[in-house]
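Please open the model in a viewer and keep the sequence at hand. The stops below may be selected in the order given.

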Amino acid sequence: MKKILVVDDNEILCRLACDILRTEGYRAVPASNAAEALRAFEEEEFDLLVTAFQMPGMSGLELARAVRNRSPHFPVIVMTGFEPVECEHVTLWLPKQYLFPNLLEKIRYCLTGAKQESEKTHA
């Protein structure tokens, strides 16, 4: 079972995303901010990070950068209500207005791509 860390300071949206992911067979772990997410990364292993772009304190981009500094090919989806910006630390951008059902599609894409990338490096 793939484990996904979902980070959003909007508690309702975060909980909804986790509930939907669980019904699709993923193990979804919620975090309400980047600091909480970084602690979770210290304690557990995840297959994917889904984070909000704008949050109090550390932004989603800063979180993505911190995660990618530890694991350069780790898949990261950033949910945003703003226009995406070019950033090497983000695998995919997902506009919040299209969050559902596109989130599941983007997650499947990232996990498949991550698996293929991993297979290339281990071959």
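With which residue does Glu44 form a salt bridge? In this predicted model, select Glu44 together with Lys3: the two form the salt bridge, and their closest N and O atoms are 2.9 Å apart. Lys3 belongs to strand 1 and Glu44 to the loop between helix 2 and strand 3, so the pair ties together parts that are 41 residues apart in sequence. Lys3 is buried, with a relative accessible area of 17%, whereas Glu44 is partly exposed at 25%.

Now display the aromatic rings. The structure holds 3 aromatic pairs. In one of them, the ring centres of Phe41 and Phe74 are 5.5 Å apart and the planes stand at 80°, so the pair is edge-to-face. Phe41 is in helix 2 (residues 34-43) and Phe74 in the loop between helix 3 (60-70) and strand 4 (76-80), so this pair ties together parts 33 residues apart in sequence. Both residues are buried.

Select Leu5 next, within strand 1 (residues 3-7). Leu5 has 0% relative accessibility and therefore counts as buried. Beyond its neighbours within four places in sequence, Leu5 is in contact with residues including Phe41, Phe46, Val29, Leu48 and Val50.

Still in helix 3, select Arg70 and then Glu42. These residues form a salt bridge, with the closest N and O atoms 2.8 Å apart. Glu42 lies in helix 2, so the bridge ties together parts 28 residues apart in sequence. Both Arg70 and Glu42 are exposed. Elsewhere, salt bridges that share partners join Lys3, Arg27 and Glu44 into one network.

Finish at helix 1 (residues 11-23), where Asp19 and Arg22 are 3 residues apart, about one helical turn. Asp19 forms a salt bridge with Arg22, the closest N and O atoms being 3.3 Å apart. Asp19 is partly exposed at 37% relative accessibility, and Arg22 is partly exposed at 40%.

Note on methods
Residues numbered from 1 in each chain as written. Predicted model: local features only at pLDDT ≥ 70, side-chain atom pairs only at ≥ 80, totals over all residues. Heavy atoms only, no water. Phe/Tyr/Trp six-rings, centres within 6.5 Å; stacked < 30°, edge-to-face > 60°. Helix = DSSP H or I, 4+ residues; strand = E, 2+ residues; numbered from the N terminus. Buried < 20%, exposed > 50% of the residue type's maximum accessible area, 1.4 Å probe, protein only. Contact = heavy atoms within 4.5 Å. Salt bridge = Lys/Arg side-chain N within 4 Å of Asp/Glu carboxyl O.
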